[in-house]
Amino acid sequence: MFFTHEDLHRIRVAGRPDPLWEVILSIGLLASTESRVALAPWRAQARTALRDLPREQLLMLRHLVPPVGDFPDFLTPAQASAGMEAGIEAMLNTPRHRLRREVAVLPTVPSWLSPLADGRVETLTLLASALRGYHATVVAPHLPVMQGVVDFERAMHARSLLDSGPEGLLSGLGPTMRWRRPVLEVDYPVKHEIHLDGRGILLLPSAFCWRVPVSLIDPDLPPVLVYPATRNLEWWFKDDTHRFQTLANLLGTTRAACLRVIEGGCTTSEMARRISGTPSSASQHATTLREAGLINSNRQGNTVIHTLTPLGADLLKVNS
């Protein structure tokens with residue numbers, strides 16, 4: 001990826017998981033032979049849940065998202081950053097010439113996919129139902145944890161940006177990405193050059209992106225770089241129930257959860273969302289943790305940002 005000076009000042013980090021990117025990447029991951037051991041519990045859970053989805057919908061998704069190789073860009077429109085339904089609406093309105101061109105990137109295109117490439121309303125509607133059903137079954141149950149993954153990434157990038165500027169942020173994206181001004185080199189299966197040309201870029205940390213980053217095929221679409229979050233599947237699907245219970249026995253279940261979500265830095269509203277509580281209850285728990293010397297709370301405008309103290313970090317480390 002080639003950056004101009006203007007691009008360096010137009011780097012954005014997503015504030016929430018992108019539902020369609022997570023759906024598409026998880027479909028590929030489910031069919032892949034990679035990481036079978038690391039993701040075995042999730043695979044078993046997902047496959048059991050997917051038995052309730054219509055077979056024709058699953059077949060369509062499996063053909064559109066092969067375990068190896070490209071998938072169509074129209075499956076992951078930029079509008080999905082505003083939510084699942086916004087993304088589905090954008091996908092349904094994809095121009096026919098794009099549908100035809102992008103379906104052609106698939107390694108095999110069965111004849112029954114031709115209506116999709118032709119923009120047939122009934123086939124697009126079937127695809128929309130398949131994406132909604134898959135999202136509700138496989139992705140949505142993990143959204144609170146996935147939001148925590150994104151919040152953690154944003155906190156890290158914010159610190160890098162404050163300490164070292166945009167180039168410091170890009171330098172810290174490794175190990176599969178290397179900043180060599182003015183180019184961000186990304187490990188990718190094929191050669192793919194993207195010139196940002198002043199458009200900036202959206203960095204999208206993903207829970208279901210495995211090992212190497214992903215971008216759109218069409219260089220003329222709004223630039224986005226989807227990359228494996230620092231706390232990827234190996235972190236949020238591991239079995240740490242016993243260790244968390246030890247911390248919960250000490251602090252109480254809710255306060256233990258609060259301490260964990262504060263690890264990367266978060267606001268009161270982010271804490272409330274991630275523990276499925278109210279802002280007022282999150283504020284009360286933060287007060288207790290602060291009075292115990294486990295966190296610091298600093299006000300920035302109308303927002304209070306919580307971070308761990310060394311004591312809080314040590315306590316969390318012992319129980320992680």
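In this predicted model, the crossing of helix 5 and helix 8 is right-handed, a term used when the near helix is turned clockwise from the far one by less than a right angle, left-handed being the anticlockwise case. Helices (H or I, at least four residues) and strands (E, at least two) are DSSP runs, numbered from the N terminus. The model also holds an open sheet of four strands and an open sheet of three strands.

Residues are numbered from 1 along each chain as its sequence is written. Because the model is predicted, local features need pLDDT of at least 70 and side-chain atom pairs count only at pLDDT 80 or more, while totals for chains, interfaces and linings use all residues; side-chain values use heavy atoms, with hydrogens and water left out.

**Helix 5 and helix 8**

- Two packed helices are described by the angle between their axes and the distance between the axes.
- Helix 5 (residues 84-92) packs against helix 8 (residues 121-139) at about 160°, and their axes are 10 Å apart; axes are lines fitted to C-alpha atoms, for helices over the stretch in contact, and angles run from 0 to 180 degrees between N-to-C directions.
- The two helices are therefore roughly antiparallel to each other (angles over 145 degrees; under 35 is roughly parallel, 65 to 115 roughly perpendicular and the rest oblique).
- From helix 5, Met84, Glu85, Ile88, Met91 and Leu92 meet Leu124, Thr125, Leu127, Ala128, Leu131, Arg132 and His135 of helix 8, contact meaning heavy atoms within 4.5 Å.
- Of the residues in this contact, eight are nonpolar, two polar and two charged (Ala, Val, Leu, Ile, Met, Phe, Trp, Tyr, Cys and Pro count as nonpolar, Asp, Glu, Lys and Arg as charged, and the others, Gly among them, as polar).

- Helix 9 (residues 143-171) lies across strand 1, strand 4 and strand 6, at about 160° to strand 1.
- Strand 1 and strand 4 run parallel and are joined by three bridges; Val13 has Leu203 as its bridge partner.
- Strand 4 (residues 201-206) also pairs in the parallel sense with strand 6 (residues 224-228), over five bridges, where Pro205 is partnered by Tyr227 and Ser206 by Pro228.
- Six of the six residues of strand 4 are buried, so the strand is largely enclosed by the rest of the structure (buried is under 20% relative accessible area, exposed over 50%, partly exposed in between; 1.4 Å probe, protein chains only).

- The order is 7-9-8 and the pairing is antiparallel.
- Strand 7 (266-267) and strand 8 (295-300) stand at the edges.
- Six bridges join strand 8 to strand 9 (residues 303-308), and Asn296 is partnered by Thr307.
- Helix 14 (residues 279-291) lies across strand 8 and strand 9, at about 125° to strand 8.

- Asp7, in helix 1 (residues 5-8), is buried, with a relative accessible area of 0%.
- Beyond four places in sequence, Asp7 contacts Phe2, Leu196, Asp197, Gly198, Arg199 and Gly200.
- Gln147, in helix 9, is buried at 9%.

Key:
Pairing = 2+ DSSP bridges.
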